[in-house]
Amino acid sequence: MPTDVLFRELCKPEVLKIGWHLAQLDSRDDFVEDPLRNADFASQLDLRLEYLVEQLRSNRYRPRHLLEIDVPKSALTVRPGNVLPIEEATILHAAVYLIAPKLDSLLSPRVYSYRLHRSWRRRVENGRSMFADDNLDLPFLKRATIKRFDPMESWYIAWPEFDSARKEALKHERFSHVTKTDISAYFENIDLRLLEDILKQRLRGEPRLLGLLLRILNAWTRDTAAGISIGRGLPQGNDVSSFLANLYLLPLDRELTLFCRRRHAAWFRYVDDLDIFSDSFEDAREVVLLVNRVLRALHLNLQGSKTKILFGKELQEEYSHRQSDSVGDAIKAFQALDGKAKSFKSKKTALVRQCNKIAQKFTRGLPRSIRSLDGKENRLLRRLMTFYGMAASSQLRRTAIAALREQPERRLLEKSLRYLSQLDYKYHDEIVESLLQIASDKTLVTEYQLASILQTIGQLHPKNPRTSELGRTSSEGANHEQSSVGKASGCSSHA
């Protein structure tokens, strides 16, 4: 019987205000910024929230336009990135604030992504994420080092805990095989009708809240060429979608748990990344068929290129992160240094030399050495850039420039630009010249890359703008404009 208790809670200004705080926090990691819209909404916050309450209570609320951006992946592919309007972001975060405590307990302990934090109420009061993903105990990943947490930068969020659990299973339970896979275009292919069925089973009595949630999500789905909505897809790049995506795979979690009870096996999931440990090749192969069968029922498909069964030496190498751990140790050691101590320079030099040995695989043979990177190499290079950026070392300067040309993947793109902007001012002229060349030689895959590079150029002021390529370009543009104006004026006068 409908009670709509949560919907009535949602229609309270104080609850929507919580949603606004959570949305503001989440917006720091948006693919693009919309500061004017957010600032306008915040300037008259109480009035805006009262208006939303009135619209929700009278069932007159209508979704707004979703900003879509093609975000570069590896090779020449892109993923659809999205930025939520602040009104929708406020409502959706407030809705998840209400439903997450009722639904998070349904998720298995084997799921590590976007789980409700034990102290979620206190975190919400302090204007922080209600999820556990940014609760880091790793000293070299504190906010003083990494200023901005990225929902797609899993290495810096909950991935360490996920990775540790897999290593523990391999070490103590002595599994001989692992099946690794993930889901093809996961967020884009989530069926909203099936998601609604899953939520209805767990949130009986809340038709108005679920109706509002699904109405907003359905308004953002793509249409076919004939103008028919396909009813699929969650907007990527926000906490709300990530939490709902976790819930969508509850049927898969249930089947994997039953499989592991029948066999000596263990599974671990981070959003759509799956690792299933087993004792034989037959079990490892059977679980691939099981996962494929469950996913087909959810209108999803395995990603064939990322589905593999590992054993023996390959299995050990897969979960070995010696080089990455070594760079992590260097980051921790650098953080512990006293910048005013006499020994600071010598200790910093020693740490840089330690990392230089690891970085050689990326600095030699450019651009071939960074043209094709697997996931581990990509994460290692980004971690090296974190260290060299902190140490203001230019060791990876040419590697970062080459990565901008050869590797369009978003995380490496942004890490490379962030690293270059941290280098000493004496390199800015060279960096600006290189970035301008990249921006003008038409090798970039997406507008997102061009916009990111131009934004960084704006932050890297050259020593002498009159003599730099940037200054010459601006000057030439101004002269051309003056010339055009002069010609136009002359024609007008003559006429």
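## A walk through the predicted model

At 9% relative accessibility, T446 counts as buried, because buried means under 20% relative accessible area, exposed means over 50%, and partly exposed lies in between (1.4 Å probe, protein chains only). T446 sits in the loop between α20 and α21. Leaving aside neighbours within four places in sequence, T446 is in contact with D70, P72 and V78; contact means heavy atoms within 4.5 Å.

This is a predicted model, in which local features need pLDDT of at least 70, side-chain atom pairs count only at pLDDT 80 or more, and totals for chains, interfaces and linings use all residues. Residues are numbered from 1 along each chain as its sequence is written, and side-chain values use heavy atoms, with hydrogens and water left out.

How confident is the prediction? The mean pLDDT of the protein is 85, and 87% of its residues reach 70 or more. pLDDT is the predictor's confidence in each residue, from 0 to 100. Over residues 134–157 the pLDDT is below 50, yet this stretch has 61 contacts in the model beyond near neighbours in sequence. Residues 470–495 also stay under 50, with eight contacts beyond four places in sequence. Where pLDDT is low, the predicted coordinates should not be read in detail.

Now the whole chain. The protein has 22 helices and six strands. These are DSSP runs, numbered from the N terminus: helices are H or I with at least four residues, strands E with at least two. Of the 495 residues, 50% are buried. Among contacts between residues at least 6 apart in sequence, 72% join residues at least 24 apart.

Next, the sheet. Four strands form an open sheet in the order β4-β5-β3-β6, with antiparallel pairing. Two strands pair if DSSP finds at least two bridges between them. β4 (266–270) and β6 (308–311) stand at the edges, each with a single partner strand, so one side of each has no neighbour in the sheet. Strand β3 (residues 177–181) is joined to β6 by four bridges. In one of these pairings, H177 has F311 of β6 as its bridge partner.

Helix α7 (residues 159–172) holds K167. At 27% relative accessibility, K167 counts as partly exposed. K167 and E318 are 151 residues apart in sequence, but 10.0 Å apart in space, C-alpha to C-alpha. Beyond its neighbours within four places, K167 is in contact with Y319, H321 and D325.

Helix α18 (residues 397–406) is largely enclosed by the rest of the structure, because seven of its ten residues are buried. The buried residues are R397, T399, A400, I401, A402, A403 and L404. They pack against α15 (344–363), α16 (368–371), α17 (375–390), α19 (410–422), α20 (428–440) and α21 (447–459).

Last, the nonpolar cores. Such a core is a set of buried Ala, Val, Leu, Ile, Met, Phe, Trp, Tyr and Cys residues joined through side-chain atoms within 4.5 Å. The largest has 96 residues, and M130 and Y186 have the most contacts inside it. Helix α5 (residues 86–103) gives the largest share of this core, twelve residues. Leaving aside neighbours within four places in sequence, M130 is in contact with L22, V96, Y97, A100, R115, L116, H117, W120 and V124. A second, separate core of 47 residues includes F31, V327, A359 and M385. In soluble globular proteins, nonpolar side chains tend to be buried together.
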